[in-house]
Amino acid sequence: MKNVLLHSCCAPCSGAIIEWMLSNDIRPTIFFSNSNISPKEEYELRKYECARFAQKNGIEMVEDEYDHDTWLKDVAEGFEDAPERGSRCLRCFKFRLERAARYASEHGFDTLTTSLASSRWKSLEQVSEAGFEACGKVCGVEWWDRNWRKGGLQERRNQIIKEENFYNQLFCGCEFSKKNLGIK
């Protein structure tokens, strides 16, 4: 693994991964691709936190185009009432990781992974399926299938959230997750 693109859903989920990579001589580039996040103010807040942590650690962050309308059409239409960890979530992971894999292929990255695999609220099987499928659609990018919760990273994640005073959201970002969790 030479050149890693880390798809990041947010700073709280990415912090321990980035720290681990840097301590293992891996300098990832963060790819912030999260058209699922709504409203736009929530998106901007999460992007800011991610950029702040990237800057502090001297790593590059690339922002994908925010296109919530396309995300709604491609991912949520007809799946609005799907439960968390259901079919809508898998479609969402595929949407975001396909964009990340395309970017990785077009910009010389040979490896893609995601902070989605650090969240205890996400299905690791869905994340893996989406990652393998996304990388299978492009040339020259390998999916780094890793459970980023293990090896003390979940505990370190929680410490970093406190140390950095990260905004730590209570939902994945989409309006359907918010609704399913009863968040206003």
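**Rings, core and pocket**

Author: In this predicted model, Arg 146 lies over the face of Trp 148, 4.5 Å from the ring centre. Arg 146 also lies over the face of Trp 20, at 4.3 Å from the ring centre.

Reader: What makes 4.5 Å from the ring centre of Trp 148 count for Arg 146?

Author: The limit for CZ of Arg is within 6 Å of the ring centre, and within 35 degrees of the ring normal. The 4.5 Å of Arg 146 over Trp 148 meets the distance limit. So does the 4.3 Å over Trp 20.

Reader: How many aromatic pairs does a search of the whole structure find?

Author: Nine. One of them joins Trp 20 and Trp 148, with 5.5 Å centre to centre and 70° between the planes.

Reader: Why is the pair of Trp 20 and Trp 148 called edge-to-face?

Author: Centres must lie within 6.5 Å, and planes over 60 degrees apart count as edge-to-face. The values are 5.5 Å and 70°, so the label holds. Trp 20 sits in helix α1, and Trp 148 in the loop between β5 and α6, so the pair ties together parts 128 residues apart in sequence.

Reader: What makes Trp 144 and Trp 148 an aromatic pair, and of which kind?

Author: Their ring centres are 5.1 Å apart and their planes stand at 70°, so this pair is edge-to-face. Ring pairs link Trp 20, Trp 144 and Trp 148 into a cluster.

Reader: How do you know whether Trp 148 is buried or exposed?

Author: Buried means under 20% relative accessible area. Trp 148 has 1%, so Trp 148 is buried. Trp 144 is buried as well.

Reader: And why is Trp 20 called partly exposed?

Author: Its relative accessibility is 24%.

Reader: Where does Trp 148 stand in the largest nonpolar core?

Author: That core has 47 residues, and Trp 148 is among those with the most contacts inside it, alongside Leu 5, Met 21 and Leu 112. Helix α4 gives the largest share, eight residues. Apart from this core lies another, of seven residues, including Cys 92 and Phe 176.

Reader: Which residues does Trp 148 contact beyond its neighbours within four places in sequence?

Author: Among them are Ile 17, Trp 20, Met 21, Thr 113 and Leu 153.

Reader: What is the volume of the largest pocket, and which residues lie nearest its centre?

Author: The volume is about 480 Å³. Of the 22 lining residues, Ser 119, Trp 121, Gln 169, Leu 170 and Phe 171 lie nearest the centre. Helix α6 gives the largest share of the lining, three residues.

Key
Residues numbered from 1 in each chain as written. Predicted model: local features only at pLDDT ≥ 70, side-chain atom pairs only at ≥ 80, totals over all residues. Heavy atoms only, no water. Phe/Tyr/Trp six-rings, centres within 6.5 Å; stacked < 30°, edge-to-face > 60°. Helix = DSSP H or I, 4+ residues; strand = E, 2+ residues; numbered from the N terminus. Buried < 20%, exposed > 50% of the residue type's maximum accessible area, 1.4 Å probe, protein only. Core = buried A, V, L, I, M, F, W, Y, C linked by side-chain atoms within 4.5 Å. Contact = heavy atoms within 4.5 Å. 1 Å grid on protein atoms, 1.4 Å probe; cavity = no way out; pocket = protein on both sides within 12 Å on 5 of 7 lines; lining within 4 Å. Points joined across faces, edges and corners; volume = space filled by probe spheres on them.
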